[in-house]
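Biologist: Please walk me through this structure. I will keep asking how you know what you tell me.

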Amino acid sequence: MSSRELILGRVRRALADVRPDDTPYEQAVPRGYLREHGDRIVEETVELLAENLADYRALVHRTDTDGLAGTIAGLLAAHGSSSVLVPPGLPQEWLAGTDAARVADRVESTPHELDQVDSVVTACALAIAETGTIVLDGSPDQGRRRITLVPDHHICVVRVPDQVVSSVPQALERLDPTRPLTWISGPSATSDIELDRVEGVHGPRTLEVVLVTGGGD
Amino acid sequence: MSGTFVGMPAFPKAAHEAVHNTTLRGNLRHATHTIRGKRAKAVTEVSDWAELREAGKRIKDHTLRHLDRYLVQLEESVTAAGGTVHWAADADEANRIVTYLVKATGESEVVKVKSMATQEIGLNEALEAEGIHAYETDLAELIVQLGKDRPSHILVPAIHRNRGEIRDIFAREMSEWGRPAPEGLTDTPAELAEAARLHLREKFLRAKVGVSGANFMVAETGTLVVVESEGNGRMCLTLPETLISVVGIEKIVPTWQDLEVFLQTLPRSSTAERMNPYTSTWTGTTDEDGPSTFHLVLIDNGRTDTLADEVGRQALRCIRCSACLNVCPVYERAGGHAYGSVYPGPIGAILSPQLRGTASEIDASLPYASSLCGACYEVCPVAIDIPEVLVHLRERVAQGGPATEKGNKVVLKPAKGHAAERAAMRAARWALSHPGALRTGQRLASRTRRLHPRTLPGPGKAWSASRDLPAVPAEPFRDWWQRTNGGRTNGGKQEGTK
Ligand code: SF4
């Protein structure tokens, strides 16, 4: 007998007490919990996102479509970055203000090559206000998962308010489970040494989130 | 379940030693109290905590009650998404499968994300025996691995080590494993983290095979979820060409939507954060992004035996948040190592004796590693009634009875050395049903309290050998209550107390 059959057989014998007419899934789980916490107008939700991002030590910036290229160029310069990773579908104009060398997100790049790049700029799939989380889903404007992981500096652009949801339940509704997702709440952190929080053991040590208005059309 | 700590003394002895290690107690106390306070705050932030907890409990219960169906569905969806599913009945089989899969890649190194399941089966040791080096990449696991040590907490495995000890371990051991620690390393957490970053980065960037566990598996979509803080998880899940995930069969949730419950309750219960820094989900393989080969190894290793016990089954709801450890007065004093398994604290006390059976001395002693204060049940985000299971397992140890071992129904004999407990149980039952005798006994104890020994004579000796007997109060509670009308008169003070 294969282990598959063995295990499934054991499971079925273990569940001899469960009757065939056991409550079906749809009725077995009460969903009396909230879809979002609190009553907010759109501006307040965006404000909450900014607060919670900052609370988790992400650096939050605000601008509009016209100011975006300038903001990104300024952040790259302030970080002293001379090279920047660019996902294939990133809007060209976002990087119009910087002369940092563009590095394409290519399959062939080795992790070592990625480690040499100073910064990465991406869009996101959505952001969650209540938890201060940005979610990437590997779309062309966000690139492969590893490009936001290996470089030490990540700039993520969130279009507000249309990419902002209030809560985790609202986020899951909008996300596609077949895509690989990365949920990011603040920069990499550890509390393993006497529970002192230290940023960046492995992921980027600096996370900058740019909230941009007027980009939804 | 292999991975019993070799030569592990039974809980009372191990705990007795730990209790007298003042550094350990200091570290533990600081850590558990800090997390405990923060968690309470993170929980009050969400007004629907009770509803989320109930939903989490019901989702898991429903899944367990139909586990066969969900396992088959998961297998189908993972396969459809480009993964390969393997089934392992016990630790040996799981280790054999993983070893085979690693060897098939031609590699002799793997990077690992912290995973309870792989610790449970002793995977690192099994790989090492076959000439494959497994590198732990979580900072705390690295500390434990370099220190040739055992993890002592689910979430903060090196909780028993302070910064000075960590510095010494890094300075001494890192060069043995790869990039040495920087010259003149001090014990500031930032410097220690930087040393770990450099040491591990070298391994990540060349790794071809990653090994992980998973926090959740979604039957409907075949999606696996890993929740973490540092980014080492993301490294292991995305940089290697081959990813092997080793996961217990109980980690399933039926639908994608179910994650909305656990992604709210898990971070708040474990690290007391609104959300942990990183959560990764993957569904099979994705073209040109992340590993091109994905294997899922589903392990039983005692889980189906646990499932067969209608009272004990609820332990399989556990989402390994570790909240119960942080509130446990016994864990706080005894430390994680005393539990003799990778699952310490209250959850370890009910899970290990079910996964491994109660034949060994340590496993038979674990159901007694509790004061039954109930704090663990209160904080558990999936409402596992740990005290109920503890009492149930105590009865099994002391009196024997029906159980399931390796899928077969057996009738257990009472464990050796528990005759005193059998007698105590009978006595307790008698005393509790004869209130008069209970009252007399308590008063007698009060009046003679100066004469009480520090350990019990006769059959009670085994019990008290590892505990310092509590002082008997000057006045029995029952008398105090009557005399003061429940504290409403006489200021509630007891006469004769110091
Ligand atoms: S038993 Fe409950 S509180 Fe303890 S680790 Fe598991 S889920 Fe968390």
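Modeller: Let's start with Glu288(B), which sits in the loop between strand S9 (278-283) and strand S10 (293-299) of chain B. Strands are DSSP runs of E with at least two residues, helices are runs of H or I with at least four, and both are numbered from the N terminus. This is a predicted model, where local features need pLDDT of at least 70, side-chain atom pairs count only at pLDDT 80 or more, and totals for chains, interfaces and linings use all residues. Residues are numbered from 1 along each chain as its sequence is written, chains are lettered from A and ligands numbered from 1 in the order in which they are written, and side-chain values use heavy atoms, without hydrogens and water.

Biologist: Is Glu288(B) buried or exposed, and how do you know?

Modeller: Buried means under 20% relative accessible area, exposed over 50%, and partly exposed in between, with a 1.4 Å probe and protein chains only. Glu288(B) has 54%, so it is exposed. Its phi is near 60°, a positive value in a residue other than glycine.

Biologist: Which residues of helix H4 (residues 68-78) of chain A are buried?

Modeller: They are Leu68(A), Ala69(A), Thr71(A), Ile72(A), Ala73(A), Leu75(A) and Leu76(A). An α-helix has 3.6 residues a turn, so residues three or four places apart point the same way. The cover over the buried residues of H4(A) includes S1 (59-64), S2 (83-86), S4 (119-122), S7 (153-160) and S12 (206-213) of chain A. Just after H4(A), Gly80(A) has a positive phi of about 75°.

Biologist: What makes the peptide bond between Val160(A) and Pro161(A) stand out?

Modeller: That bond is cis, with omega about 0°. Pro161(A) is in the loop between S7 and strand S8 (164-165) of chain A.

Biologist: How does the radius of gyration of chain A compare with that of a compact globule of 217 residues?

Modeller: The radius is taken over C-alpha atoms, and the globule rule is 2.2 Å times the number of residues to the power 0.38. The rule gives a value near 17 Å, but chain A has 21 Å. The C-alpha atoms of chain A fill a box of roughly 70 × 45 × 45 Å along the principal axes. Buried residues make up 57% of the chain.

Biologist: What makes a set of residues a nonpolar core?

Modeller: The members are buried Ala, Val, Leu, Ile, Met, Phe, Trp, Tyr and Cys residues joined through side-chain atoms within 4.5 Å. The largest core has 107 residues, and Trp183(A), Phe11(B) and Leu296(B) touch the most other members. A second, separate core of 34 residues includes Val113(B) and Leu192(B).

Biologist: How do the residues of the shell around the ligand divide?

Modeller: Being near takes a heavy atom within 4 Å. Residues around the ligand include Cys318(B), Arg320(B), Ser322(B) and Pro381(B). Ala, Val, Leu, Ile, Met, Phe, Trp, Tyr, Cys and Pro count as nonpolar, Asp, Glu, Lys and Arg as charged, and the others, Gly among them, as polar. By that rule the shell has 10 nonpolar residues, one polar and one charged.

Notes
Contact means heavy atoms within 4.5 Å.
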